[in-house]
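Trainee: I have a model open and would like to learn how to read a few of its features. Could you walk me through them?

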Amino acid sequence: MENRLNVGITHGDVNGISYELIIKLLAENRICELCVPILYGSPKVAAYYRKVLNIENFSLNTIREPGEANGKRSNIINCVDDNVKVDLGKETPESDQATMIALKYALDQLDRDEIDVLTLAPQGPNAFFTEEAGSLMEYLSKRYNTTDIMSILVSEKMKMGFVTEQVKLRDVPHQVTQKNIFKKLTLLDDTLRQDFTILKPKIAVLGLNPQVNCGQNGDEEVNIITPAIERAREEGIMAIGPFSAERFFSERMYEKFDAVLAMYYDQGVVAFKSVDEESAACYIAGLPVICSMSLTDPHYDIVGQNLGDEQGLRNALYLAMDVCVHREQNIELQKNPLPHYDIAANSNESDLNVEQIEGVKEELED
């Protein structure tokens with residue numbers, strides 16, 4: 001109990017289903033047994049939704065800072081104006097402002113290690129425009145002054161990263177470069193090792209075009225993607241591909257890999273959700289802090305009807321906690337390395353990769 005993590009949760013869009021999901025999640029007794037939940041939002045709005053949804057036997061402990069949190073209850077830090085207007089089922093400038101206030105407040109405390117991890121409830125698509133950012137990823141990239149971040153979709157059956165994310169489709173080919181693919185492969189490999197404790201990750205790389213072996217559809221696979229894969233292998237990254245997305249998913253090739261790198265968001269996300277949406281959540285890799293989010297939309301069309309499913313938010317919370325534990329384990333291992341790590345370091349890593357890559361290829365061909 002003493003080692004439980006302080007888990008921050010932002011309230012998302014006050015006009016969407018976020019508060020419904022949060023209340024349903026925190027009403028579970030086991031959550032307080034696993035962590036110390038701290039909601040960044042409004043006690044007034046939480047009370048309003050509890051009344052709208054007719055949820056009994058639930059309350060939040062209002063605190064001013066994480067150090068005051070009650071380990072036996074769900075806590076809330078009031079970080080928005082008590083007069084915030086709730087307009088059910090509609091994203092508004094006021095709700096976007098409340099979203100960003102809570103997010104900034106929580107990130108500030110996460111940066112100061114006052115909380116251990118942060119999970120984001122569903123936010124409106126326009127919330128980041130007020131910060132001159134088109135998306136959460138762009139906002140976080142500016143905040144932490146880095147371009148080396150990536151959203152990784154995580155489920156029990158698959159992990160998936162992206163070379164390009166929230167960009168217009170016509171801009172995708174211009175951003176699919178050898179440099180970008182190599183950077184994303186490096187980040188994905190590092191994340192799998194450090195945050196998911198996968199010692200030697202196998203990463204499948206999708207092609208950009210429907211038929212990756214057909215020159216009539218484009219030459220990106222030959223001139224851009226394959227050289228990036230070869231460069232990654234030279235750095236000890238076990239990357240294999242490029243694969244046709246249609247064949248890769250229809251033949252369930254993903255079962256042979258630890259992760260998949262898609263060229264653009266829509267190429268991978270539809271297949272990912274089709275395979276396993278129930279256990280899915282999103283982890284934001286490349287940040288100095290641990291941040292996860294639900295894949296659930298704000299669902300303005302069902303607000304107040306008690307139809308929201310909190311499973312996605314639960315997945316995100318558990319994901320953030322797992323990553324935190326894995327990082328701590330890796331830190332301890334690096335402090336006290338086992339003898340066989342030294343032996344591995346003296347072996348021919350590139351030859352080992354070649355053997356394993358050829359083995360995976362043979363399995364796929366069979």
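Mentor: Happy to! Let's begin with burial: a residue counts as buried when its relative accessible area is under 20%. C291 is buried because its relative accessibility is 1%. C32 is buried too, at 12% relative accessibility. Keep in mind that this is a predicted model.

Trainee: Then how confident is the prediction, in terms of average pLDDT?

Mentor: The protein has an average pLDDT of 90, and 89% of the residues reach at least 70. Take care with residues 341-352, though, where the pLDDT is below 50. That stretch makes five contacts in the model beyond near neighbours in sequence.

Trainee: Back to the cysteines. How many disulfides does the model have?

Mentor: The general idea is that a disulfide covalently joins the sulfur atoms of two cysteines. To count as one, the two sulfurs must lie within 2.5 Å. Here the count is zero.

Trainee: Now an arginine: is R314 buried or exposed?

Mentor: Apply the cut-off we began with: R314 has a relative accessible area of 7%, so R314 is buried. R314 sits in helix α11, which covers residues 311-335.

Trainee: And which residues does R314 touch?

Mentor: Leaving aside residues up to four places away in sequence, R314 touches L25, E28 and R30.

Key:
Residues numbered from 1 in each chain as written. Predicted model: local features only at pLDDT ≥ 70, side-chain atom pairs only at ≥ 80, totals over all residues. Heavy atoms only, no water. pLDDT = per-residue confidence, 0-100. Contact = heavy atoms within 4.5 Å. Buried < 20%, exposed > 50% of the residue type's maximum accessible area, 1.4 Å probe, protein only. Helix = DSSP H or I, 4+ residues; strand = E, 2+ residues; numbered from the N terminus.
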